[in-house]
Amino acid sequence: MLPYFVVLLLVMLLLFIGSNNKFNKPNKLSHYLSGIVLIIFATIRSSGVGTDSNNYVEIFNEFKDSTESLFSVKTSLEIGYLILMEIALNISNDYWSLFFLTALICVFTSYYTIYKLSDNIKVSVFIYISLATYFFVFNGMRQAIAASIFGLAIYHLINKKIVGYFIIVLLASFFHSTALIMFPFYYLLRFQFKIRNLILFSIGSFIALYYLSSILTLFGESYYSRYSVYEDRNSTGGYLLTLFFFIISLFFIFSRKKIEKSKLYEYDIYLNMCIFSSIIYLVVSLTGSDVNFLRLTLYFSMCYVLIWPIIFRSVPIFKQSITRLSFVIIHLLFLFFYISKFSNLNPYIFNNLI
């Protein structure tokens, strides 16, 4: 488990070394150097590190040995991911090339989103790692790419650029078709936060998610077979995650009255994303749905990365050292339990073929 915290420490040191205190923003060099550390860390791991890593390596090896052309191979994998594997094979026949390209796309797009939108890059990167958004690149690689690409759409969402938003969602779906679920959220996430809207969204979302399998049949068999992978695997759980994110969402709701008016529009978008994410956790916990259904929350995960800097900027209590220290400790504890309990990340093993 130690390597994960060493990498986190190294990344934060790079960001602090390159910080410009006046703007609370690291220079681009230190920002992207810290990203390179994360890319390398994900690249040099063994295929046994991460829940689905071995499955992706097996697919990669089958694709490597196939004599069929890229566009004639019969598979349910999205075209974007097939192209990614083709490029990886031109780099190396060993799976590290696949891990490298996956991490490169995920980290670069996430870092770009953070650099464009965050009020405090150091806080955002810390959340990106400690809340394990980064570590999903070790697990569901296709959806990690899709969700990271979708993060770019948040910029267009905030700036009310519907065409750019839809194009990025479509691009994300080339790596995992579940990204298409995010199309209607262009409208849903831009509502001003109100208790009435919260109640309506909560009820509507709870019903929609609970009956997801029935709704997906409207899109045809191909869509149903891809999305229904999140249901009926006879595994339940996620109660601790549900409690954690539910409490955080409540905190964000109560903190809203402290937010500067100039940041309130952005804050409401991130807050709505947090609420929808919490609803997914609640559905899984209260209905006993498969915990893999929680993977849909990944599309909303960037909200935590971007909302915390606004909290630090606007909420007076976060000006105090003891509050900031508590914030760090709580998130380090979350990361510890996530690595030890909620994923197949521990122990970290190097790829001995590199």
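# Briefing: a chain of 16 helices and two strands

Leu189 sits in the loop between helix H9 (185–188) and helix H10 (195–210). This is a predicted model: local features need pLDDT of at least 70, side-chain atom pairs count only at pLDDT 80 or more, and totals for chains, interfaces and linings use all residues. Residues are numbered from 1 along each chain as its sequence is written, and side-chain values use heavy atoms, with hydrogens and water left out.

**Overall build**

- The protein chain has 16 helices and two strands. Helices (H or I, at least four residues) and strands (E, at least two) are DSSP runs, numbered from the N terminus.
- Of the 354 residues in the protein chain, 55% are buried. Buried means under 20% relative accessible area, exposed means over 50%, and partly exposed lies in between (1.4 Å probe, protein chains only).
- Accessible areas come from the Shrake-Rupley method with a 1.4 Å probe; for residues, only the protein chains shown count as cover.
- Among contacts with a separation of 6 or more, 75% join residues 24 or more positions apart. A contact means heavy atoms within 4.5 Å.

- Is Leu189 buried or exposed? Leu189 is buried, because its relative accessible area is 0%.
- Leaving aside neighbours within four places in sequence, Leu189 is in contact with Leu157, Asp268, Ile269, Asn272, Met273 and Phe276.
- Met273 is 84 residues away from Leu189 along the chain, yet their C-alpha atoms are separated by 6.6 Å.

**The nonpolar core**

- The largest nonpolar core holds 117 residues. Such a core is a set of buried Ala, Val, Leu, Ile, Met, Phe, Trp, Tyr and Cys residues joined through side-chain atoms within 4.5 Å.
- Which residues of this core touch the most other members? They are Tyr134, Phe135, Phe138, Phe252, Tyr270 and Trp308.
- Helix H14 (residues 264–287) gives the most to this core, with 13 residues.
- Phe252 is in contact with Tyr267, Leu271, Cys274, Tyr304, Ile307, Trp308 and Ile311, leaving aside neighbours within four places in sequence.

**Salt bridges**

- Side chains of opposite charge can pair when their charged atoms come close.
- How many salt bridges does the structure hold? There are six. A salt bridge is a side-chain nitrogen of Lys or Arg within 4 Å of a carboxyl oxygen of Asp or Glu.
- Arg142 and Glu78 meet through their side chains in a salt bridge (2.9 Å, N to O). This pair links distant parts of the chain, 64 residues apart: Arg142 is in helix H7 (residues 141–158), and Glu78 is in the loop between helix H3 (53–65) and helix H4 (79–91). Both Arg142 and Glu78 are buried.
- Lys263 and Asp119 form another salt bridge (3.2 Å, N to O). They too link distant parts of the chain, 144 residues apart: Lys263 is in the loop between helix H13 (239–255) and H14, and Asp119 is in the loop between helix H5 (96–117) and helix H6 (121–130).
- Lys263 counts as buried because its relative accessible area is 8%. Asp119 is partly exposed, at 23%.
- Glu266 also forms a salt bridge with Lys263, the closest N and O atoms being 3.2 Å apart. Glu266 has 16% relative accessibility, so Glu266 counts as buried.
- A network of salt bridges links Asp119, Glu260, Lys263, Glu266 and Arg313.

**The nonpolar surface patch**

- Leu240, Ile322, Leu325, Ile329, Leu333, Phe336, Phe337 and Phe342 form a nonpolar patch on the surface. Together they have about 760 Å² of accessible area.
- Patches are made of residues with over 30% relative accessible area and no salt bridge; like charges are joined within 9 Å, and nonpolar side chains (Val, Leu, Ile, Met, Phe, Trp, Tyr) within 5 Å.
- Helix H16 (residues 321–341) supplies the largest share of the patch, six residues.
- Ile322 lies in helix H16. With a relative accessible area of 56%, Ile322 is exposed.

**Two more residues**

- Ser301 is in the loop between H14 and helix H15 (302–314). Ser301 is buried, with a relative accessible area of 11%.
- Ile40 belongs to helix H2 (residues 28–43) and is partly exposed, at 45% relative accessibility.
- The C-alpha atoms of Ile40 and Leu104 are separated by 8.9 Å, while the two residues are 64 apart along the chain.
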